[in-house]
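Here is a friendly walk through a two-part model, written for someone who likes to know the cut-offs. Please have a look at the structure first, and then we can go through it together.

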Amino acid sequence: MQGSKNSAATFSYQEGIRRLVLVGLLAAMGIILHFIESLLPAIAPVPGARLGLANIITLMALILLGMKGGGQVLFLRIFLGSLLGGTFMTLPFYLSLTGGVLAFFSMSLALFLGRDSFSLVGISILGALTHNLGQLIAVAFIIGSMGVFYYLPYLVLLAIPTGILVGMGARYSLQALPGRRT
Amino acid sequence: MFRKLLEVWKKTRRGDRIIIGLALILGLAGILYPFLWDWLVGTPDNLQVIIHSLGAEKQIVPMGSVPPEGRELQVEGPIGDHLVQIEQEGVRVIAPEADPLKICEKTGWIRRPGATIVCVPNQLAVWLEGRDEHGLDGISE
């Protein structure tokens, strides 16, 4: 009796440590990926057009840790990343936040409601689309004009190849993890 | 390359294909719509350049009032001054040195109504509109 209680406690303690380490690792990798992406040239002369490498991490976190852990990784990445990059409470920070949160909720919805009908590729395209939409809404508020929505069709088209790349990145990364299948 | 793409396509599920299809259709429709509009209705000849900065309309320049050699306007912003070049056939923006990505400059010339140049770090938007002289899009009777 005593023994089994102890081992259960040890198990949840270990599980807690595992989650803590995973959240920390994923957030750190997300920050680095975001930084690497900022060094790359813009992929198209369209405001908001990005590869979205950091979305690989958000997707992995959602699958490995569920919605709670995924949210923790997302907020850690955005807050710590902007603090380290010196953009906290400035424009890029708000853009990451609105885009990131909208993409997070849409991807969670697709993951937990329709896991059978969506693969990681589709979920990441959905994330890219909603990320763009969130960013454009934020930009429209900041600039104070609806003109930015002129770029929405171009962003929607670009979301397909970038979403496929990010989804494949997440799939291969998850497959490479020990003891995990997707 | 194509084999790889085919492999990706085979692994997609129903929901993925719906999302990809919808994005393709909506994206292409959104891009082609202005061209179709031009073709059906024709480009308005009273195009005006709207310069929007820091959340307010700063200047409206009718394209008809621009001299043949063009016109240049300086627009101030939080990170530097933009140069808005207006010529008979279009409008473009030269970004300040401090702009890291210079996306507005890379957008190049805009020519059709609705086309917009945006500089997010400098909170500037420049677009073309087919307005009449009262500043209204149209009057219903």
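## Where the helices cross

Helix α4(A) passes helix α2(B) in a left-handed crossing. The term left-handed says that the near helix is turned anticlockwise from the far one by less than a right angle, and right-handed is the clockwise case. Helices here are DSSP runs of H or I with at least four residues, strands are runs of E with at least two, and both are numbered from the N terminus.

This is a predicted model, in which local features need pLDDT of at least 70, side-chain atom pairs count only at pLDDT 80 or more, and totals for chains, interfaces and linings use all residues. Residues are numbered from 1 along each chain as its sequence is written, while chains are lettered from A and ligands numbered from 1 in the order in which they are written.

For the classes, Ala, Val, Leu, Ile, Met, Phe, Trp, Tyr, Cys and Pro count as nonpolar, Asp, Glu, Lys and Arg as charged, and the others, Gly among them, as polar.

Which residues of α4(A) meet α2(B)? They are A:Val121, A:Gly122, A:Ile125, A:Leu126 and A:Leu129, and they face B:Gly15, B:Asp16, B:Ile19, B:Ile20 and B:Ala23. A contact requires C-beta atoms, placed from the backbone, within 7 Å.

## The interface as a whole

In total, 31 residues of chain B are in contact with 30 residues of chain A. The largest share, 11 residues, comes from α2(B). By class, this side of chain B has 16 nonpolar, 10 polar and 5 charged residues.

## The sheet of chain B

Chain B also holds an open sheet of 4 strands in the order β2-β1-β7-β6, with antiparallel pairing. Two strands pair if DSSP finds at least two bridges between them. Strands β2 and β6 of chain B stand at the edges with a single partner strand each, so one side of each is left without a neighbour in the sheet.

Strand β1(B) (residues 48-53) is joined to β2(B) (residues 56-62) by 6 bridges, and B:Gln48 stands opposite B:Pro62. Their hairpin has 2 residues between the strands, and B:Leu54 takes a positive phi near 55 degrees there. Another 6 bridges join β1(B) to β7(B), where B:Ile51 stands opposite B:Val126.

## Confidence

The model scores ipTM 0.84 and pTM 0.85. The predictor's confidence in each residue, pLDDT, runs from 0 to 100. Chain A has a mean of 88, and chain B averages 83.

Methods
Two residues are in contact if their C-beta atoms, placed from the backbone, lie within 7 Å.
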